[in-house]
Amino acid sequence: MTELTAEEIGLVRELLEVEAIRKLMVKFTQLMDANRLDDMIALFQPDARCEFGHYGVWEGRDAIYEGFRARAEGNGWVPMKVLRANTNHWVELTGPDSAVGRRYLLNGASFKEATESPINYLGLYDEDYRKVGGSWKIQRSSLYFFWPVREVKEGFPGEFPPKG
């Protein structure tokens, strides 16, 4: 086997960072669906921001926790009552400690009758991530809804990844 070139080593390091971010977001979704909010909130930067359309804008960990708590309460605190599948996660590193990403959301409801559509929402997360102390955290998470109601900001989808 030949030695890796410096360029290949750089690509491997980039892939490791991208995979760490993807793992962060899979963990976020699993913890949210399980209503493990105390564990989930630790995945956010202290000054993080969530912009979730009709659910509102939540700034800082306390407000984010409260927003998710209200959603869990609305679902009767039943773990896995709502299952969120996230796909097509595109992550771009924008610096050694910053990255952006987009991923599709398929929000399913396990409580619906077999004759009903199990899909509640189709959407897209647009996010910023920041690495502090060697760990990636969520800095900003914006959720745009496409179905059954379209809720997107003006100019969406814009350029992704952003140039800069």
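Student: In this model, are F28 and F68 buried or exposed?

Tutor: Both F28 and F68 are buried, and please keep in mind as we go on that the model is a predicted one.

Student: How should I read a pair of aromatic rings?

Tutor: A pair of aromatic rings is described by how far apart the centres are and by the angle of the planes. The structure holds 13 aromatic pairs, and in one of them the rings of F28 and F68 have centres 6.0 Å apart and planes at 75°, so this pair is edge-to-face, because planes over 60 degrees apart count that way.

Student: Where do F28 and F68 lie along the chain?

Tutor: F28 belongs to helix α1, residues 6-33, whereas F68 belongs to helix α3, residues 61-74, so their pair ties together parts that are 40 residues apart in sequence.

Student: What can be said about the rings of F52 and F68?

Tutor: The centres of the F52 and F68 rings are 5.9 Å apart and the planes stand at 70°, so this pair is edge-to-face. F52 sits in the loop between β1 (44-51) and β2 (57-59) and F68 in helix α3, 16 residues apart, and the pair therefore links distant parts of the chain. Both F52 and F68 are buried.

Student: Which residues form one aromatic cluster?

Tutor: That cluster is formed by F28, F44, F52, W58, F68 and Y125.

Student: Which residue lies over the face of Y125?

Tutor: R103 does, at 4.0 Å from the ring centre of Y125, and K81 lies over the face of F111, at 5.1 Å from the centre of that ring.

Note on methods: Residues numbered from 1 in each chain as written. Predicted model: local features only at pLDDT ≥ 70, side-chain atom pairs only at ≥ 80, totals over all residues. Heavy atoms only, no water. Phe/Tyr/Trp six-rings, centres within 6.5 Å; stacked < 30°, edge-to-face > 60°. Helix = DSSP H or I, 4+ residues; strand = E, 2+ residues; numbered from the N terminus. Buried < 20%, exposed > 50% of the residue type's maximum accessible area, 1.4 Å probe, protein only. Lys NZ or Arg CZ within 6 Å of the ring centre and 35° of its normal.
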